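I opened my notebook to go through this one with you, entry by entry.

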Amino acid sequence: MRSLHGLLGPSSFLLSSVLIFLAARLPAADQRLPYPKTKKVDHSDDYHGTKVADPYRWLEDDRSQETAKWVEAENKVTFSYLESIPFRDSLKQRLQQLYNYPKYSSPRRIGDHFIYSKNDGLQNQSVLYIQKGLDGTAEVLLDPNKFSTDGTSQLALFAPSKDGKYCAYGKSTGGSDWVDLFVLETATRKVMPEQLKWVKASNASWWGDGFFYSRYPAPEGGHELSSKNENHQVYFHKVGTPQSSDELVFEDKAHPQRFNGVETTEDQHYAFLDISDTGSGKRGNALFYRDLRKAGSKFEPVVKDITDYQYGVIDNDGDRFLIVTTDRAPNHRIVVYDPSKPGEFKDLVPQKPENLEAALAGGGKLFLTYSQDVATHAYVYSRAGKLENEIQLPATGTAGGFGGHTDDKFVFYSFTTMNYPSTIFRYDIASKKSTVFRAPELPGFRPDAYETKEVFYASKDGTRIPMFLVHKKGLQLNGKNPTLLYGYGGFNISIPPAFDPLRLALLEQGFVYASANLRGGSEYGEKWHEGGMKLNKQKVFDDFISAGEWLITNKYTSADKLAINGASNGGLLVGAVMNQRPDLFRVAVPQVGVMDMLRYQKFTIGWNWAADYGLADNPAEFKVIYGYSPLHNIHDGRKYPATLITTADHDDRVVPAHSFKYAARLQELANPTNPVLIRIETKSGHGASSVTKRIELMTDVYAFMMYNLGVTPKF
């Protein structure tokens, strides 16, 4: 990689001047930052005889003028601090350079055309292209950068009709989970006149000249935050008609917190209704089918009752259904269901010791990917359930894709690992061979300059936990390396090894990046998930703490050089472990975290997380939740790590009130030697709403981290 030192970084004279200037602006080690004085109110709640104070309850109203003034005051302190870090601007430039290369998605065949997305490098949103055949001229099909002037409106859904004549697409504004649906005529690029509103947790499943989608009733006052996110309805929309003419297909007013969605088969013979009820604590779903060939047909049950078993339709095989399920198979199995034999499931591919991550159909085959110690292994099966071959992947890493149409001759998949940028492969079904279809070109990046490896360590209870590490080759195990430890641990979500170009800004400066695969995820199937949910949630925190201890014991780093980061459920993770072991970490960055575990279910769609967290309404679950809730376990006299909390004004999934209340409490008891800052983004949501905002966010996260770890980067 061509050195950029001297081009972007300041000279030694300038650096000295900047440091003198910084010393005049940043507080001394024993001086407290000028945090806003946050009002406290006399409010408490009674949980099964336990009085719990909530003095910052007023911050839950994020639309009040009082809260707005508090946000403004907090951001003033935060950005004054961040802007004073001498290398912040050069770090931002480096991140822009690292991210500035073309990025593609796998192509998707529609008739004799292929559709794919491409980002030239620093475009705020990726652009959809269409071309005839794989060698045709690419034309812009849809450019989400034109959705808004500031680039923060995103493409949230894209679904071509079966014949390719139309495309349904969803637009979200400023990072919100709410979506407006539109219809594009593929050949002319004409946007049809209809606009479908109040869509959330939905796909668009085509049937003829229309599609099924899911929405909520319009809230009183028409404001997104006024919605209770209740009574999820399924409608059918016919192209060219107003939303008011849509047919209500399904709703269940008796169970307002259930999710309802419909998908159709490729041959359009069947529609499947999926119903889940995670708000009641159940992890599974009910499944119904409807024969679309029969006029007036209704949804008939495949599985009528919702339990903890999951059922997902892969495809239909004539009038039989291929279903992947956890029914008596925590690692998943594939079964055949014949509607003429209700309640009977016949094994097609039995459960294996490894967890089945994905099952897709394409080219007359089934493509199954299994997780073996968090690395993907991909296999091809006949539709009769016979193993035909394993697809050889380039290395130990993560692969996804593989699906396609029944008559496809080849399918596409992507592969990545910590030091292997996401690359698209074409798999030829007849020859059983993979070839590189598109490999990214990162200027100056040398994969062999970095080392990736998987290690295993023992958690507090002896459980074997996997963790991936990436760092420069030749790393000295002297306990002095700055290290970023990342984790998630929840909601049956696996965190497999993957490449992130922005992470190179850390690795270049000698950082070790560690990603721990904690319980609560899906790495080893449903048992692994159960091991870190509800009453077992503390085990997730134990896993993460043990990861930090392992890195220190094995001389990768020390407590003074160790930073931790996580987002959403991972933000909860960071908040909990820094409360429990503040001595183990120098820097903590909890992002969009669930911090008030006693009240999470009272905001927007938070009730949906009850299946993983449990509820404070339950005495046994309250005891566990109250014991780790980040907001309620901040105590005086502890020296907490330097902390940067991040959230966003349009996060309607984990509302910013979680972070507001947590920051106010932490600042109240903050040790003067370690800053506690909250960065509140505008026009962004649960994740950055544009490339520009992502780079700005990571600039501040990395700058804060480096500065407080004592790392002076050289660019």
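Which residues line the largest cavity? I found Asp45, Tyr47, Val52, Ala53, Asp54, Arg57, Asp596, Leu598, Arg599 and His632 there. A reminder to myself before going on: this is a predicted model.

**Entry: the cavity**

I asked for cavities of 30 Å³ or more, and the structure holds one. The space inside the largest cavity comes to about 30 Å³. I then sorted its lining by class and got five charged, four nonpolar and one polar residue. Strands β1 (44-47) and β2 (50-53) each bring at least two residues to that lining.

**Entry: the second largest pocket**

Next I turned to an open space. I noted a volume of about 880 Å³ for the second largest pocket. Its lining counts 35 residues, and Tyr486, Ala567, Gln591, Arg694 and Met698 are the closest to the centre. Which elements give two or more residues to this lining? I listed strands β35 (483-486), β36 (512-516), β37 (562-567), β39 (642-648) and β40 (676-681), along with helix α11. The most comes from α11, with seven residues. By class, I wrote down 20 nonpolar, nine polar and six charged residues for the lining of this pocket.

**Entry: the nonpolar cores**

I met α11 again when I looked at the cores. The largest nonpolar core has 113 residues, and Met467, Leu485, Leu551 and Met705 touch the most other members. Helix α11 (residues 691-709) is the top contributor to this core, giving eleven residues. A second, separate core has 16 residues, among them Ala159, Met192, Val199 and Phe211.

Setting aside neighbours within four places in sequence, I found Met705 in contact with Leu484, Phe511, Ala563, Val587 and Val589.

**Entry: helix α6**

Twelve of the 17 residues in α6 are buried, so I noted the helix as mostly covered, taking buried as under 20% relative accessible area. The buried ones include Val540, Phe541, Phe544, Ile545, Trp550 and Leu551. Charged names turn up among them too, including Lys537, Asp542 and Asp543. After the helix comes Lys555, with a positive phi near 65 degrees.

**Entry: Ser515**

I found Ser515 in strand β36. Is Ser515 buried or exposed? Ser515 is buried, because its relative accessible area is 4%. Beyond four places in sequence, Ser515 is in contact with Met418, Pro466, Met467, Phe468, Tyr486 and Ile495.

**Entry: Asp612 and Phe491**

I placed Asp612 in helix α8 (residues 610-613). With a relative accessible area of 3%, Asp612 is buried. How far apart are Asp612 and Phe491 in space? Their C-alpha atoms are 6.1 Å apart, although 121 residues separate them in sequence. Not counting residues up to four places away in sequence, Asp612 touches Gly490, Phe491, His529, Met533 and Lys534.

I then followed Phe491 itself. Phe491 sits in the loop between β35 and α4 (504-507), and a relative accessible area of 25% makes it partly exposed. I flagged its phi as well: near 55 degrees, a positive value in a residue other than glycine.

**Entry: Val374**

Val374 is not a glycine, yet its phi is about 75 degrees. I located Val374 in the loop between β26 (365-372) and β27 (375-382). Val374 is buried, with a relative accessible area of 1%.

**Entry: Ser414**

Last, I looked at Ser414, which lies in strand β30 (residues 410-417). Ser414 is partly exposed, at a relative accessible area of 23%. Outside four places in sequence, the contacts I found for Ser414 include Ser106, Thr398, Ser422 and Ile424. I also took the separation of Ser414 and Val624: 210 residues along the chain and 40 Å between C-alpha atoms.

Notes: Residues numbered from 1 in each chain as written. Predicted model: local features only at pLDDT ≥ 70, side-chain atom pairs only at ≥ 80, totals over all residues. Heavy atoms only, no water. Core = buried A, V, L, I, M, F, W, Y, C linked by side-chain atoms within 4.5 Å. Buried < 20%, exposed > 50% of the residue type's maximum accessible area, 1.4 Å probe, protein only. Helix = DSSP H or I, 4+ residues; strand = E, 2+ residues; numbered from the N terminus. Contact = heavy atoms within 4.5 Å. 1 Å grid on protein atoms, 1.4 Å probe; cavity = no way out; pocket = protein on both sides within 12 Å on 5 of 7 lines; lining within 4 Å. Points joined across faces, edges and corners; volume = space filled by probe spheres on them.
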